[in-house]
Amino acid sequence: MDTAYLDKFELKLEEELLRLATEGKMLDGVLLSTDDIDNHWKQHLAPEYMADAIREVSAYPVVSVAWAAYLGMAVAKGWDTGWSACLEQPYTSYYGPHRFDDMDEHIVQQVLGLDLEGSEACAIADMLRSCGEKTVGLIRYEHIEPQSVMAFHIFARAAKAMFRIGAALQLYRMGYKFEKVKLSDLTGSRVS
């Protein structure tokens with residue numbers, strides 16, 4: 001597998017998604033992230049998500065990647081409100097009544113606590129749809145043979161990037177931001 005090619009694709013995709021979210025005023029030019037959230041995707045959620053999403057990719061390509069962003073939002077919310085409980089939640093706890101098909105609505109209503117018809121939920125849906133469309137467009141631009149091993153790996157990287165953009169959107173919604181800290185300011189300080 002050409003890891004360098006996949007890394008380059010993933011980085012390009014993340015940059016495009018970050019640009020979209022920044023233009024949409026849902027991020028401020030920085031992809032907020034934590035190792036906790038990123039590792040939770042890789043170690044606990046990605047295999048089951050991929051099994052669900054891969055079945056949807058031909059009929060619903062945008063949904064197959066966009067739902068990863070909703071999942072990222074849910075995990076970021078859990079990271080903020082109760083990380084140990086979030087770590088214990090099985091992937092299927094993010095399902096809606098129709099399992100994967102309405103995962104987005106379940107997360108928006110039950111995890112994020114938003115009204116589906118409210119302006120904030122609609123803005124999130126519009127942004128994640130745009131990100132999903134951009135992602136599918138970039139995958140198609142690669143001209144990879146459908147149903148090949150490389151197609152699977154590109155799709156997996158795309159789902160990971162969407163998960164990360166969703167987590168960043170939620171972290172930003174909750175007021176997180178990166179700040180530069182001078183190491184000299186920390187010298188001699190104590191936490192009590």
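The side chain of T34 reaches the backbone nitrogen of I37 at 3.0 Å. That is a polar contact, meaning a pair of N or O atoms within 3.5 Å; within protein, one must be able to donate a hydrogen and the other to accept it, and residues adjacent in sequence count only if both atoms are side-chain atoms. T34 sits in the loop between α1 (3-23) and α2, and at 15% relative accessibility T34 counts as buried. Here buried means under 20% relative accessible area, exposed means over 50%, and partly exposed lies in between (1.4 Å probe, protein chains only).

A word on the ground rules: this is a predicted model, where local features need pLDDT of at least 70, side-chain atom pairs count only at pLDDT 80 or more, and totals for chains, interfaces and linings use all residues. Residues are numbered from 1 along each chain as its sequence is written, and side-chain values use heavy atoms, with hydrogens and water left out.

Now for some backbone angles. Most residues other than glycine have a negative phi.

Take α6 (residues 149-173): its 25 residues reach 36 Å from the first C-alpha to the last, close to the 36 Å expected at 1.5 Å a residue. The expected span is 1.5 Å times one less than the number of residues. Just after α6, G175 takes a positive phi of about 95 degrees.

How do α2 (residues 35-56) and α3 (residues 61-88) meet, and at what angle do they cross? Their axes come within 10 Å and cross at roughly 145 degrees. Those axes are lines fitted to C-alpha atoms over the stretch in contact, with angles running from 0 to 180 degrees between N-to-C directions.

Which residues touch the most other members of the largest nonpolar core? Of its 59 residues, W41, Y49, Y94 and M162 do. A nonpolar core is a set of buried Ala, Val, Leu, Ile, Met, Phe, Trp, Tyr and Cys residues joined through side-chain atoms within 4.5 Å. The largest share of this core, 13 residues, comes from α3.

Methods:
Helix = DSSP H or I, 4+ residues; strand = E, 2+ residues; numbered from the N terminus.
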